[in-house]
Every structure is written in structure tokens, then in C-alpha cells.
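Take a look at the model below.

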Amino acid sequence: MRRRELLLLLGAPAVARPLRAQQAAVPVIGFLGSTSPAPYAIQVAAFLRGLEETGYIEGQNVTVEYRWAEGRFEQLPALAADLVGRKVDVIAADAVTSTRAAKDATSTIPVVFISGSDPVQRGFVASFARPGGNLTGVAMMVAELAPKRFELLSEMVPQASIIALLVNPNNVQTDVVIKGVGEAARAKAVELQILKASTEGEIDAAFGTLMQLQADALVIGPDVFLYSRREQLVALAARYRIPAIHEWRGSVAAGGLISYGADITSVFRQLGIYAGKILKGAKPDDLPVQQPTKFELVVNLKTADALGLTIPPSILARADDVIE
């Protein structure tokens with residue numbers, strides 16, 4: 001056998017092994033979602049943009065395994081365990097509930113999270129600057145903004161004497177939200193009524209109760225399930241002609257009256273950036289917990305006209321975006 005042919009023959013397995021290793025080395029991210037994929041398409045796209053900024057493109061050099069609880073939070077532990085069993089390289093969790101499930105499922109796989117409340121108080125991290133352990137991410141502190149939304153709504157509807165607050169009783173922050181909004185209501189001498197809904201049918205029923213209470217306006221509590229039902233909420237608010245304030249821009253884009261909250265697409269983009277950095281070798285403890293720096297006030301003039309409302313100049317002057 002000629003020397004060249006021998007070298008080729010001996011080298012063939014050496015070539016095949018690196019190719020197989022390269023295929024096996026494609027990293028896998030587990031995306032643990034609390035609700036459904038369709039309502040979060042924009043957020044997932046922002047997450048993937050963040051990944052791309054670190055050099056990872058889904059389907060090319062990274063795989064994303066999606067697990068959605070469809071609003072049934074009790075399924076999150078099993079979904080998290082499934083991702084851990086598949087030995088994903090990173091888990092991205094979209095909310096407090098999914099973060100808790102991921103944290104309970106693993107102490108070794110890095111977890112990047114979006115938390116709507118203080119992650120230190122929740123026990124997710126040791127501190128914002130040095131998270132410790134295997135978790136880091138973005139803290140939006142959405143419960144703290146709920147009283148501000150109440151104030152904006154009462155400014156929008158100054159004659160309101162009864163304002164309702166719709167919350168998801170399964171959300172771990174519900175008590176904090178009720179307390180904060182209750183204090184804001186007492187400060188303005190407005191009666192606050194609490195409505196609870198954790199299913200599509202309960203949302204319908206809540207609006208029936210809203211009418212019986214003769215409420216003048218509605219605050220939609222911060223919650224991933226309620227946000228995923230934004231089109232239903234917007235349609236009901238229009239049907240019952242009730243001014244409502246939401247958490248994020250997406251609800252106003254769907255026809256809601258007003259929203260105030262963090263730029264959620266920027267938050268999911270940061271989640272993707274952190275996931276990409278960890279894939280490149282960064283440790284969660286090296287990545288401080290981020291907080292949003294941009295908060296959006298968005299108003300829908302068309303919806304205001306349909307409700308017969310005049311947007312106060314003070315709100316228009318502060319609005320980041322006005323949808324006409």
C-alpha cells in the first residue's frame with residue numbers, strides 16, 4: 001500500500017471523530033415559559049436577538065428547547081426537571097414561578113431569569129452585584145410599579161370613586177400588589193375592589209362582577225398569565241366601556257387604553273445576552289442582576305375616544321408613545 005493511501009486510511013477515523021464531536025458540542029438552551037408561546041412571540045424574538053448579539057443563532061450554532069406551562073404553573077416543576085434531564089447547558093426562565101421551578105430542579109446548570117420581584121428576597125441570588133450560586137438575570141420589580149399605575153389611572157379618570165384591581169391569585173406577588181395599590185387608593189380616598197382570575201372563564205366572570213360593583217376604572221395586576229390574555233382583557237374592557245391600565249406596551253398595541261412598565265422586549269433581549277455569555281464561559285456569579293433602565297408610558301388615543309375620555313395634557317406630555 002502506498003504511503004499516501006495508508007495515511008488517508010489511518011486519518012479517516014481521526015477526521016470522523018472531530019466531526020461527530022463538533023455536532024455533539026452544539027449547545028442547548030432550555031427556555032422555561034410560564035404561559036403560551038403565541039402571546040410571547042415578540043418576547044421570544046427579543047430573546048433570540050440577544051443571543052445573536054453574543055454570536056449564537058438558533059438552528060445554526062445553538063438549539064433552544066422550549067417548554068411552556070400554558071398558564072398551569074403547577075406543571076413548571078416537571079417541565080424544569082425535563083430540561084435538567086436533557087442536560088441543557090443553560091435554562092432561561094421567564095418569570096418568578098418558572099425561576100423557582102428551575103432553581104429547585106438544579107443547583108449546577110446555570111439559570112438566567114426574569115423576576116418580577118426582588119430576587120434577593122425570593123432567595124434566588126445572594127445579592128444583585130454578586131449573585132452567587134447558579135442563577136442571575138433581570139429583576140423588573142413589577143409589583144412596586146402597581147401603585148404608580150393606580151395613580152396614573154386615577155389621573156386619567158379623576159372622577160372615579162371606585163376602582164377595581166384584577167389580580168391572579170396564583171401569582172406569588174399578589175399580596176404585595178394588593179397592599180401597594182390599597183395604600184395608593186386610601187391616599188386618594190378612592191374605594192378599591194379586588195377581583196381575582198387565574199383562568200379565561202374567571203376573567204369573563206370578573207368583568208361581570210366589575211359591572212355589579214359599578215367600578216369606574218380597572219387596574220390590571222402585573223402577571224404573565226393576565227398579560228398572555230391581553231386580547232381578551234382589551235376586548236372585555238371595550239365591551240363594558242371600562243378604562244383600564246395595563247403593565248406593558250403590548251396590551252395597548254392590542255387596543256388597551258394605557259400602560260406603564262418596563263420595556264419588556266429590552267428585558268428579554270438582556271436575558272438572551274446573558275444566556276449567550278454563559279455559553280461562552282461566563283459564570284452566573286460574574287454577571288450582576290440587571291434592572292430595567294427604561295420605563296414606558298404608552299397611550300392609545302383611539303381607545304380613549306371610543307371610551308369618551310380626554311387624555312389629560314399632563315399624561316400626554318409624559319407619554320413615551322401615543323398610538324393614534
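Which strands does helix H11 lie across? Helix H11, made of residues 264-279, lies across E1, E3, E4 and E5. Its direction runs at about 165 degrees to E4. Keep in mind that this is a predicted model.

Now turn to the sheet itself. It is an open sheet built from 5 strands. Their order is E2-E1-E3-E4-E5, and the pairing is parallel. Strand E2 (63-68) and strand E5 (135-139) sit at the edges, where each pairs on one side only. From one strand to the next, the twist averages 20 degrees. Helix H4, residues 96-105, also packs on this sheet. H4 touches strand E1 (28-33), E3, E4 and E5. The direction of H4 makes about 155 degrees with that of E4.

Look next at one pair of strands. Strand E3 covers residues 90-93, and strand E4 covers residues 111-115. The two run parallel, joined by 3 bridges. Find Ile 91: its bridge partner in E4 is Val 111.

Then step back to the whole protein. It has 13 helices and 12 strands. The C-alpha trace spans about 95 × 40 × 35 Å along its principal axes. Of the 324 residues, 52% are buried. Take the contacts with a separation of 6 or more: 72% of them join residues 24 or more positions apart.

How values were computed: Residues are numbered from 1 along each chain as its sequence is written. This is a predicted model: local features need pLDDT of at least 70, side-chain atom pairs count only at pLDDT 80 or more; totals for chains, interfaces and linings use all residues. Side-chain values use heavy atoms; hydrogens and water are left out. Two strands pair if DSSP finds at least two bridges between them. Helices (H or I, at least four residues) and strands (E, at least two) are DSSP runs, numbered from the N terminus. Axes are lines fitted to C-alpha atoms, for helices over the stretch in contact, and angles run from 0 to 180 degrees between N-to-C directions. Contact means heavy atoms within 4.5 Å. Buried means under 20% relative accessible area, exposed over 50%, partly exposed in between (1.4 Å probe, protein chains only).
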